[in-house]
Amino acid sequence: MATDLAQFAKDNGVKYFMISFTDLFGGQRAKLVPASAIADMQEDGAGFAGFATWLDLTPAHPDMLAVPDPEAVIILPWNKEIAWVPGNCVMEDEPVAQAPRNVLRRLIDEAAAEGMHVKTGIEAEFFLLTPDGSQISDEYDTAAKPCYDQQAFMRRLDVIREISDYMLELGWGPYQNDHEDANGQWEMNWEFDDALNTADKHSFFKFMVKTVAEKHGYRATFMPKPVEGLTGNGCHAHISVWDAPGSAAKTNVFAGTGEGQTGEVGLSERGKHFLGGIMKHASALAAITNPTVNSYKRINAPRTMSGATWAPNTVTWTGNNRTHMVRVPGPGRFELRLPDGATNPYLLQAVIIAAGLSGIRSKADPGKRHDIDMYAEGHKVRGAPKLPLNMLDALRAYDKDKDLKASMGDEFSAAYLKMKHEEWNSYVSHFSQWEKDNTMDI
Ligand SMILES: [Mg+2]
């Protein structure tokens, strides 16, 4: 029985609902709806002009409706008269196929039909900058190796503590917070969950972090490489697959001792093939996990000030070693270290499932395990593909990967490629200082 949002408002003193959907670029768009109007909206959805939604719709399309998912409603911990609720996009009674939350829901159903329920945890790193975004907010946060800096932490305790308190209140099971490897960079971890719940929490986390930072006079950014020369914002995903969703999950179907090198690090045969799918589709995957021009400043970065980029540039996997694209830190799960802070929370989960399912269906082999320090010895690896060097390469790799494109949905893939190519064209048509500096006197 779905939650009745009108009753929910009465019971909890909620005066407004923010009905939100996520566009193809990962932006969140919303309408604020008084509780007195929520009963009709729960039925019919909140209306949006299609052309304005960044879902590749034209001015001629009929209204796009975001129908709130009542199971995902969250009362804003910092303003309890308002509740945020993600919507599922519908047009003329049909789901909008390219809408990111719909893409994910479809893939979750497909995996469930094969007895697989993906659970993930994510590590959404962010920077706290000055309001204009030009500098790190803490002028004293200048250490060359600032990771876990206790004193710098105390200077931003108010922000981090407030967000952590909210996550505790929401029951997300937050368990640690730290100053990350770049000056001004932070990471906050909460418990893993079913893929759709993690995507909703990821979206809400970004909204919450930005809001709390603004309240304290700062600007939070998840931009992949906001400061040249410093470590970028990753969004590592920890992935496991279970026999049932939610608390009904009893058996981790990735855990086991399958054959070969994956078995040695505690992955079952299904875990091996799922990983094989991630490896096989890695270059195409990057179009989703690393979706911006700026993303490629992170994954192909020269060594940062701290001495490590913490980002991969080659398609390799290993055991408990952070210098590879995939790390298997312990039995039954693996960490994909490719995604960055610009990834769309819903498409991130969707593409992991799509690649994994493809791997399982084709019994994909993840290839050799490389137990080396990739930062020091990466040049010795033969035959492992390099990740795309820029967004255009990634879009082309995605376009060439017919299997992944179809699995993500033909309508989605066409819309995504079209809009991202437009973004690339906008980027290459802008004139930069670099061109002048390097071309003027030729
Ligand atoms: Mg981190």
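Me: How many bridges join β1 and β6, and is the pairing parallel or antiparallel?
Reply: This is a predicted model, and in it strand β1, residues 16–22, pairs with strand β6, residues 82–91, in the parallel sense over five bridges.

Me: OK, which residue is the bridge partner of Ser20 in β6?
Reply: The partner of Ser20 is Pro86.

Me: And β4, in which sense does that pair with β6?
Reply: Strand β4, which covers residues 64–68, pairs with β6 in the antiparallel sense, over four bridges, and within this pairing Leu65 stands opposite Val90 of β6.

Me: Switching to the hairpins, how many residues lie between β5 and β6?
Reply: There are six residues between β5 and β6 in that hairpin; β5 itself consists of residues 74–75 and pairs with β6 in the antiparallel sense over two bridges, with Ala83 of β6 as the bridge partner of Ile75.

Me: What about the hairpin of β6 and β7, which residue there has a positive phi?
Reply: That is Glu92, whose phi is positive and near 45°, in a hairpin that has two residues between its strands. Strand β7, residues 94–95, pairs with β6 in the antiparallel sense over two bridges.

Me: Which residue in β7 is the bridge partner of Val90?
Reply: Pro95 is the bridge partner of Val90 in β7, and Val90 is also the residue that Leu65 stands opposite.

Definitions and conventions
Residues numbered from 1 in each chain as written. Predicted model: local features only at pLDDT ≥ 70, side-chain atom pairs only at ≥ 80, totals over all residues. Pairing = 2+ DSSP bridges.
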